[in-house]
Amino acid sequence: MKNVFSIFIIGLFFSAYYVGLGYYEYSLGFKYLEPLFMSDRLQLLFTNDIKTLELFYFTYPVISQLITIPAGLIDPLLAPMITSGITVGFFAAYIVVILFKQKLPIVSVIITMYFLCSPVIISVATSGTSLYLYLILYYFFFHFLFRYTRDYTTYNFVILSLCLTLFVFLNYSFLWMVVFMLPLIFLFSLFNSPGIQKSYLGIFTELTQSRVTARELVGSSLSTVLVIVFTPLVSLLFFLTINYWFTGDFMFFSTTKTASWDQHPFLDFVFYNTSENFIDLGTSWDYLSISILALSPVFLTAFLIGRKKLLFQLIMLLVPVWILYSKNSNSAVLLSLSDFLIITAAGIAAFIHFFHTSLLPVFSKSKLLHLITFILLLINLGGEYFYLTHSYTNQEQNMLAFLKQEEPLNSDATADMANFINENLPKDATILTDNTLFYPTIALSRDHVKYVDQFDPNYYNALQAPQVHADYILILNNAKQRDQKDGVKYVVDQTDIELQTHYTNTLFSLIQIKK
């Protein structure tokens, strides 16, 4: 009970720090696509009773959308940032209290400094993106794997299964990690068996000379796999079935452009004031290597400390294996923080594991190890800053711009158009537009005007007779960047009705329909 109270008090401090930074960041004009997407969906969820099912079940990732709902009751625009700030705040408090409980006050101070100063943690906590969920779920995934090596109880695998279940609604591809865990699970069964000598020779002798033992170990491994994958697989199948039942497509949440924040091919290029990044395969592998090394000081140190522990090493090897799998599964896309955070999370989980082993008394009595820990903190902070500096991702470059107190990289056109709509259009004005491309502007102005987009029942009728259902049309200035399948593009390019440009900026045009 005392630990819970401590986590609550310290969590309030961290949460206030992150939310305050996040609000300051927002006030400077820094915005990100995913939080604006969630804000737009929250506004729709609270006001639209026609497509509630689509908003509730098919928006992906589902978990990040659902978690923001309580904060959305306060302010839909700030809800993603408030949610990420509070969640990371209490996660940081949890880690600090664990270390203090282990009678490591100096280490708890050092980790507090990390959570207060880390460029990656600050970016994750204040941006409002779903990165905070990756960090926390990665951490608990490795935490309970390490914990199983200490006490060998089924409870750890049950919690691990629940962690993977949450991953289904964040990034279902992470379930492939179970495949890479199969050799590890077999070794878990070996080391959990009381009749086997814990050495390579003893294991080999027992497996080759005793068929009964071999069958028991295989059966134990299979039952463990079943415990781990049952709940995640059932949840995934249930989610796919809901998609198929209502849409006729098992992967509707992944294929439809209205279900995810990054589906439109030109959205990232339009939203950020940066050029598109094209790099060849060789450069992308160099970038991968540099990114891994920059974020790995804690991870590599932990791997070195646990070099004589077979199970520990194999658990840690899941990190590079997963990163390489992620890279090879989609070689045309650069990996980002959502992938690389597994390095940070595994490193933190590894050190928490060490402080629950026989290394604790050695560490607690050594001033040199405390000094090395502080130096490691500085190296890790420098590595994270180096990673952000060399990132090719527009979102991460925008995070870096805030940390350096530079101008936001997100284009002024989005906020400019939203401000014009809020200040110059009548309250009952209706605007026909494509939600998949304009949800950043829509999220900032939906409470002032009515949008006829894919979530309005009159959308397809408006494409046929825009003068009946809308007063204005919102489009991109550059016709080449409009989706060729976009019905709004067809209205502007092919319709015979009279149109007049009402307002335009560097990227967008608000066209008035003459009636």
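Helices (H or I, at least four residues) and strands (E, at least two) are DSSP runs, numbered from the N terminus. The structure shown is a predicted model, in which local features need pLDDT of at least 70 and side-chain atom pairs count only at pLDDT 80 or more, while totals for chains, interfaces and linings use all residues. Residues are numbered from 1 along each chain as its sequence is written, and side-chain values use heavy atoms, with hydrogens and water left out.

**View A. Glu 34, a buried residue without a salt bridge.** Glu 34 is found in helix α2. Glu 34 is buried (under 20% relative accessible area, where exposed is over 50% and partly exposed lies in between, with a 1.4 Å probe and protein chains only), yet Glu 34 has no salt bridge. A salt bridge here is a side-chain nitrogen of Lys or Arg within 4 Å of a carboxyl oxygen of Asp or Glu. For Glu 34, the nearest side chain of opposite charge is that of Arg 41, 12 Å away, where Lys and Arg count as positive, Asp and Glu as negative, and His and the chain ends are not counted. Leaving aside residues up to four places away in sequence, Glu 34 touches Pro 61, Ser 64, Thr 129, Ser 130 and Trp 261, contact meaning heavy atoms within 4.5 Å.

**View B. The salt-bridge network that includes Asp 40.** Asp 40, Arg 41, Arg 446 and Asp 453 are linked in a network of salt bridges. Asp 40 pairs with Arg 41, their closest N and O atoms being 2.7 Å apart; Asp 40 is buried at a relative accessible area of 0%, and Arg 41 is buried at 1%. Asp 40 also forms a salt bridge with Arg 446, again with closest N and O atoms 2.7 Å apart. Because Asp 40 lies in helix α2 (residues 33-47) and Arg 446 in the loop between α24 (435-445) and β2 (450-452), this pair ties together parts that are 406 residues apart in sequence. Arg 446 counts as buried, at 12% relative accessibility.

**View C. The salt bridge between Asp 151 and Arg 147.** The closest N and O atoms of this pair are 3.7 Å apart. Asp 151 and Arg 147 are four residues apart in helix α9 (residues 131-151), and are therefore separated by about one helical turn. Asp 151 is partly exposed at 34% relative accessibility, and Arg 147 is partly exposed with a relative accessible area of 27%. By the salt-bridge rule, the count comes to six salt bridges.
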